[in-house]
Amino acid sequence: MQGRGNSKFQETWTRLKKNKVAFASLFILLILFLIAVFADLIAPYSYSEQNLTNILQKPSSEHWFGTDQYGRDIFSRVIYGSRISLSVGFVAVGVALLAGGILGAIAGFYGGRVDNVIMRCMDILLSIPSVLLALAIVAAFGTSIINLMIATGISTVPSYARLIRAEILSIKDQEYIEAARAVGTNDFIIITKHIIPNCLAPILVQATFGVATAILTVAGLSFVGLGLQPPIPEWGSMLSDVRAYIRGYAYMMVPPAVAIAITVFCLNSLGDGLRDALDPKLRN
Amino acid sequence: MVRYIIRRILFLIPTLLLVSFFVFAIINAAPGDPAQLALGEGATAEAVEAKRIELGLDKPFLVQYLTWLKDIVFHFDFGNSYRSNISVSYQITQYFPNTLKLAGLSVLLGVLIGVPIGIIAAVKQYSVFDNIVMSFAMLGMSVPAFVLALSMILLFSIHLQWLPSSGFSTFSQMIMPVVALGMQPCAICARMTRSSMLEVIRLDYIRTVRAKGQKEFKVIVNHALKNAVLPILTTIGLQFGALIGGAFVTETIFLIPGFGRLLVTAVTNRDYPLVMGGVLCVAMVVALTNLVIDIAYAFVDPRVKAAFKSSSSSFLAHMKMKKSLKNMEQSNAR
């Protein structure tokens, strides 16, 4: 997808721009991304600094979203939380894509017994609900942010492996692959240069949804205390803190809840938009 | 048909064996000595050593696995919890019904609301109804269950004081947990039904039925829905499995004595027999759900039924078809 052969990319882009919801989502996601990157500059306070003389303050001009039970500024914590959620989401999907991609590509490309063994293993992983699998991995290896990313990633490997295998199966017998093989290109180059670029579209769509799911999974795990530990400002664990103060201090709930909802909503509708843009026949 | 069902049940055995091995291997790869964990920090070295022998941890990995597996298969015995020393299978039978009830009711709610909405949205594609309802479905997919649960507690338990905020035995206690957990399957069912119906409605045979003068209601329900139902069934099955695995958050909020909360506590306490037993049980339920869905396919879809009247090659063909359906489902419903 480089050089002058860019027409498909441009075509998709044009179609995506016409889809207002998806385009707005992309825009909001970019802003969120910038907020995450420049959290240090945007957040007025530190996310972990406690100020016990100033606890459970209602929103004010000084603390836009109020303060929590330790006097920490909720606005700053939500800002830093975007960093956590987005990085967990993207790294988890990266892990899943890498592992699933390699396994799926090998299975699809070589077929036969290799294919059978790999796909059987994937079926097994698939029969454990992904949240539960993440839970089991966290149970075994502890709840550091890296483990959480890997656990969330691994639990979705099978769906990527399946998708990529299916894509490769539909591509590998086409003439241009045969041509590449006829001139003596090796398998690695064929897979990475010729096959993968041609099956990027559905992978991109699934990865977008995948980031949304990963963010929800980690928020859920953190909410029950199995995810990121305090004082890391994870949105799910912030909501979990609110539970004890829900009578009287419900305003604490709004910022992290809205932050999760907006992020996941934008990712989901961007995924929807991408799918429609990449596959125009679905829209007519 | 009977042969198909038997074959499908036999298919479960290797799957579950591999799942059990996988779960056992992950948990055993965990750092830390289970004997030490079982006894707590203050235990003496001799006591730990004795516990290691009692738990069979001195034996090779494979022997440990086979012993564990043998007890499960022949006695339904998953060992005892490290913490409470209560048998894991007893705890599972105590806690599982609540989770099954919660997940089952939530999926039911999701299907009862989601499927009709999806059908109407498909029939009136791009109408105001379609746009509004599908935006809500997107929102339903994006708001985590615990956010909805907390908001409902705030509104209905604290402000209006209509519903109790915890427990799961009376009807009024069940309303909020089921709604909170059912929102996501409802949204996914609605989206899946809509896209599946849209695909069918454009086909020629529907035009033929309409041309014949059939009533619109019958066209949709008797003719279109019948062919659109397979991916919807898959969705329902997958959702049920996902809810059994994901109910722990809702159970934690509403203090429901369910299996998910049991498992969360087990993970917090690093109570490995309970974690392994629990995960394996869920995998079993998911596998059984898939089995039921597969059999339901055969009853619903005459094409599938016909494929099974004959040979094993058609069984493979069916598995392939099922896989492609699942792939389709994954990319469409999300």
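**Reading a helix and its rings**

Me: Which span should helix H11 (residues 200-223) of chain A have, and how far apart are its end C-alpha atoms?

Reply: The expected span is 1.5 Å times one less than the number of residues, where a helix is a DSSP run of H or I with at least four residues, numbered from the N terminus. For the 24 residues of H11 in chain A this should give 34 Å, and the end C-alpha atoms are 34 Å apart, which agrees. This is a predicted model, in which local features need pLDDT of at least 70 and side-chain atom pairs count only at pLDDT 80 or more, while totals for chains, interfaces and linings use all residues. Residues are numbered from 1 along each chain as its sequence is written, chains are lettered from A and ligands numbered from 1 in the order written, and side-chain values use heavy atoms, without hydrogens and water.

Me: Is H11(A) mostly covered or mostly open, and what follows it?

Reply: H11(A) is mostly covered, since 20 of its 24 residues are buried (under 20% relative accessible area; exposed is over 50% and partly exposed in between, with a 1.4 Å probe and protein chains only). After H11(A) comes A:Gly225, whose phi is positive, near 90°.

Me: How many aromatic pairs are there over all chains?

Reply: A pair of aromatic rings is described by the distance of the centres and the angle of the planes. Rings of Phe, Tyr and Trp (its six-membered ring) pair with centres within 6.5 Å, and planes under 30 degrees apart are stacked, over 60 edge-to-face and the rest tilted. The count over all chains is 13. Among them, A:Tyr249 and A:Tyr251 are edge-to-face, 6.4 Å centre to centre with 75° between the planes; A:Tyr249 is partly exposed at 28% relative accessible area, whereas A:Tyr251 is buried at 16%.

Me: Which residues do ring pairs link into a cluster in chain B?

Reply: The cluster consists of B:Phe21, B:Phe24, B:Phe61, B:Tyr65 and B:Trp68.

Technical notes: Helix = DSSP H or I, 4+ residues; strand = E, 2+ residues; numbered from the N terminus.
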